[in-house]
Amino acid sequence: MRVLLLGANGYLGRHVADRLLADPAVQLTALGRGDDADVRFDLASGSPGALTRFLNAVHPGVVINCAGAVRGGARELTRHNTIAVATVCESLRRSSCGARLVQIGCASEYGPAQSGSSTAEDAVPRPGGPYGVSKLAATELVLGSDLDAVVLRVFSPAGPGTPAGSPLGRLAEAMRRAMQAGDSELKLSGLGVQRDFVDVRDVARAVHAASLSAAQGVVNIGTGRAVRLRDAAALLGRVAGYGGAVHELEPGHPRGGLAGPGGDHLGLQPAFPYPDGCGSWQQADVRTARDRLGWRPRINLEESLADIWMEAACRI
């Protein structure tokens, strides 16, 4: 099976590439903006015609799109998350390869959810910020393209390579600094948020499974269990051997906030107080992934946090 992977050098893309390279039946070609890509191409500015010619030459059976942006203003997010996907869809429609498309979406497309609920794929999306809007627009383009396509809505990925600007990345860095300085207290804001953390290697397994399946439409990828960030901090403290106390600052406090994808603090007070636009609670209904992909998460949060901590500790 020849697979074309878009965004192979990103957080998710690197793990997807590793998973595909471990399958001897896969012939992998990576396309991206970096020098390490097999073929350099900018989806946000390149023409559908040029990409169509490449697709016809390579003739992949599957195209996996992990490319995109999580930071920046609305215009930049639209370029990299929406226009880029429009280019991919148009190129696939024009090409003769007939490839299946696996598009990586995100839980920010859903927006805030009621506390205690599990969000299923038929929930009405109400994204609370430009990132979620740009990703939802990409999903709608894929679903309306008439291609053989599936969109994996990934909830909160965690594990090795977690970006330093993500909530868990910032948490690990704050704890590293506290241990380095010998501080017996760690004061942070935004610890009340609850998210469905899924290990990035399990996400890569889901992408691999989706590329081999006949599933179409939207499929949630998560664990089905929301975890309070405060509890994740306590678990990280045990993994790291941090003996100090973790205290939560009041929302909007100028010190110690955990930043999300856009680098904003989690403890601010606008209508959607968390940078991903998902409010205080999000939890996936993962029955569709189980039934249509034969996929279940395998790696628990403690192992994910141990890997995050190992990378943070190496910076001491």
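## Helix α9 and its surroundings

Helix α9 has 13 residues and reaches 18 Å from its first C-alpha to its last, which is close to the 18 Å expected at 1.5 Å a residue. The model described here is a predicted one, and the values in this report are to be read as computed from that model. Within α9, the buried residues are L301, S304, L305, D307, I308, W309 and A312, and these pack against β7, α5, β10, α6, β12 and α7. An α-helix has 3.6 residues a turn, so residues three or four places apart point the same way.

## Helices α5 and α7

Two of the elements that meet the buried residues of α9 are the helices α5 and α7. Helix α5 (residues 167–181) has 15 residues, and the reach from its first C-alpha to its last is 21 Å, close to the 21 Å expected at 1.5 Å a residue. Its buried residues are L168, G169, L171, A172, E173, A174, M175, R176 and A178, a list that includes E173 and R176. The buried residues of α5 pack against β7 (156–158), β8 (185–188), β10 (197–199), α7 (229–240) and α9 (301–313). Just after α5 comes G182, which takes a positive phi of about 75°.

Helix α7 has 12 residues and reaches 16 Å from first C-alpha to last, close to the 16 Å expected at 1.5 Å a residue. In α7 the buried residues are L229, A232, A233, L235, L236, G237 and A240, and what covers them includes α5, β10, β12 (227–228), β13 (245–248) and α9. The residue that follows α7 is G241, whose phi is positive and near 75°.

## Strands β8 and β13

Strand β8, against which buried residues of α5 pack, has a covered face made by L186 and L188 and an uncovered one made by E185 and K187. Four bridges join β8 to β13, and the two strands run parallel. On the covered face of β8, L186 has V246 as its bridge partner in β13.

## The seven-stranded sheet

An open sheet of seven strands has the order β3-β2-β1-β4-β5-β6-β11, with parallel pairing. Strands β3 (39–40) and β11 (217–221) stand at the edges, each with a single partner strand, so one side of each is left without a neighbour in the sheet. Strands of a sheet pair through backbone hydrogen bonds, either parallel or antiparallel. Within this sheet, five bridges join β1 (residues 2–6) to β2 (residues 27–32), which run parallel, and the bridge partner of L6 in β2 is L31.

Helices lie across several of these strands. Helix α3 (residues 74–94) lies across β1, β4 (62–65) and β5 (100–106), and runs at about 165° to β5. Helix α6 (residues 200–212) lies across β4, β5, β6 (149–154) and β11, and runs at about 150° to β5; α6 is also among the elements against which the buried residues of α9 pack.

## Packing of α3 with α4

Two packed helices are described by the angle between their axes and the distance between the axes. Helix α3 packs with helix α4 (residues 130–143) at an angle of about 10°, with their axes 9 Å apart, and this angle makes α3 roughly parallel to α4. From α3, the residues A74, L77, T78, N81, T82, V85, A86 and C89 meet P130, Y131, S134, K135, A137, A138, L141 and V142 of α4. By class, this contact of α3 with α4 has 11 nonpolar, four polar and one charged residues.

## Selected loop residues

S108 lies in the loop between β5 and α4, and at 6% relative accessibility it counts as buried. Leaving aside residues up to four places away in sequence, S108 touches P127, Y131, G132, D276 and C278; of these, Y131 is also one of the α4 residues in the contact with α3.

H59, in the loop between α2 (48–58) and β4, has a phi near 55°, a positive value in a residue other than glycine, and at 41% relative accessibility H59 counts as partly exposed. D146, found in the loop between α4 and β6, has a positive phi of about 65° although it is not a glycine, and D146 is exposed, with a relative accessible area of 77%.

Note on methods: Residues numbered from 1 in each chain as written. Predicted model: local features only at pLDDT ≥ 70, side-chain atom pairs only at ≥ 80, totals over all residues. Heavy atoms only, no water. Pairing = 2+ DSSP bridges. Contact = heavy atoms within 4.5 Å. Axes fitted to C-alpha atoms, helices over the stretch in contact; angles between N-to-C directions. Parallel < 35°, antiparallel > 145°, perpendicular 65-115°, else oblique. Nonpolar A, V, L, I, M, F, W, Y, C, P; charged D, E, K, R; others polar. Expected span 1.5 Å × (residues − 1). Buried < 20%, exposed > 50% of the residue type's maximum accessible area, 1.4 Å probe, protein only.
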